[in-house]
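Please read these notes with the model open beside them. They go from the whole chain down to single residues.

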Amino acid sequence: MDSMTGPGSEVDLYCSLSEEEVQDIVSNSQKMTEHSYENISIRRIISTPSDAMTSMYRIKDLPLETYDYIILLANAAESVDRADEQTVAMVLQMKSLMAQRDPEKDFQPLVEICTPTAEEQLSAVGIQNLCNSTLLVSKALAMVAISTVNYGVLSDLLSPDGNQLDIMDLADYLAEGESLPTFLTFAEAAAIVGRAAQQVLIGWSEEGEYVINPKSKLVPRPWSSEDRFVVIKDV
């Protein structure tokens with residue numbers, strides 16, 4: 001995440017660990033990976049007892065409306081069901097607070113879930129950016145079991161010095177003075193991204209959602225400055 005984040009980025013950590021424990025974990029992670037964080041710095045650590053993480057009076061202390069991104073990680077220390085219960089409760093509390101503080105701002109955190117039940121519950125209230133980490137691991141194991149060649153592909157995608165996924169703006173690929181198109185096909189978009197060295201287009205945004213490998217690659221669609229590409233980069 002540090003390599004994908006802009007210089008000067010700051011994070012607030014809301015967790016059930018003490019500040020000393022968090023600092024120790026952060027320090028050890030940098031030693032293990034032999035990488036010192038250059039772009040990300042910890043601005044504030046909000047330590048909260050585990051049984052009070054979902055309490056409204058605790059979450060109220062978080063300046064949610066000021067954050068550019070909100071990421072909620074599942075705490076599966078007890079069980080996946082308990083982790084999802086806590087996650088869903090926190091999301092609902094945060095969504096309620098955001099509706100009060102900034103009704104115009106779209107609340108779309110990136111949420112790690114463990115079960116399909118949590119996915120159904122959060123989808124029902126409009127949360128779209130969900131990551132089922134348990135399912136991802138199962139799919140990765142299945143891919144490798146089917147073909148060992150997939151191991152090399154996954155290793156390259158997931159390793160810190162290999163390829164990585166990124167969300168990009170079409171304007172980043174246009175020459176100076178080149179205007180943004182009003183209509184675009186996926187084939188044309190792939191050709192534009194292909195101008196950049198070691199980058200491949202694999203998807204794009206459609207009406208607030210990301211679509212990977214769209215079926216209609218030759219059908220023009222409206223394009224706006226809010227739309228984005230999903231690309232694989234060789235880092």
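1. Contact here means heavy atoms within 4.5 Å. Among contacts in the protein chain between residues at least 6 apart in sequence, 63% join residues at least 24 apart.

2. This is a predicted model: local features need pLDDT of at least 70, side-chain atom pairs count only at pLDDT 80 or more, and totals for chains, interfaces and linings use all residues. Residues are numbered from 1 along each chain as its sequence is written, and side-chain values use heavy atoms, with hydrogens and water left out.

3. The protein chain has seven helices and 11 strands. These are DSSP runs numbered from the N terminus: helices are H or I with at least four residues, strands are E with at least two. The C-alpha atoms fill a box of roughly 55 × 45 × 35 Å along the principal axes. Of the 235 residues, 30% are buried. Buried means under 20% relative accessible area, exposed means over 50%, and partly exposed lies in between (1.4 Å probe, protein chains only).

4. Two domains are assigned: domain 1 (48-138) and domain 2 (164-233). The bounds come from an automatic or database domain assignment. Taken over C-alpha atoms, the domain centres are separated by 29 Å.

5. Check helix 1 (19-33). Its expected span is 1.5 Å times one less than its number of residues. For the 15 residues of helix 1 that gives 21 Å, and the end C-alpha atoms are 21 Å apart, which agrees. Glu34 follows helix 1 and has a positive phi, near 55°.

6. Is Asn39 buried or exposed? Asn39 sits in the loop between helix 1 and strand 2 (40-47). Its relative accessible area is 16%, so Asn39 is buried. Leaving aside residues up to four places away in sequence, Asn39 touches Asp2, Ser3, Thr5, Gly6, Pro7, Gly8 and Ser9.

7. Now look at helix 3 (residues 80-101) and helix 4 (residues 116-124), whose axes come within 10 Å and cross at roughly 10°. They are therefore roughly parallel to each other. Angles under 35 degrees count as roughly parallel. Asp84, Val88 and Val91 of helix 3 meet Ala118, Gln121 and Leu122 of helix 4. The residues of this contact divide into four nonpolar, one polar and one charged.

8. Glu226 lies in the loop between strand 10 (221-222) and strand 11 (229-234). Glu226 counts as exposed, because its relative accessibility is 63%. Ser205 is 21 residues from Glu226 in sequence and 8.9 Å from it in space, C-alpha to C-alpha.

Key
Axes fitted to C-alpha atoms, helices over the stretch in contact; angles between N-to-C directions. Parallel < 35°, antiparallel > 145°, perpendicular 65-115°, else oblique. Nonpolar A, V, L, I, M, F, W, Y, C, P; charged D, E, K, R; others polar.
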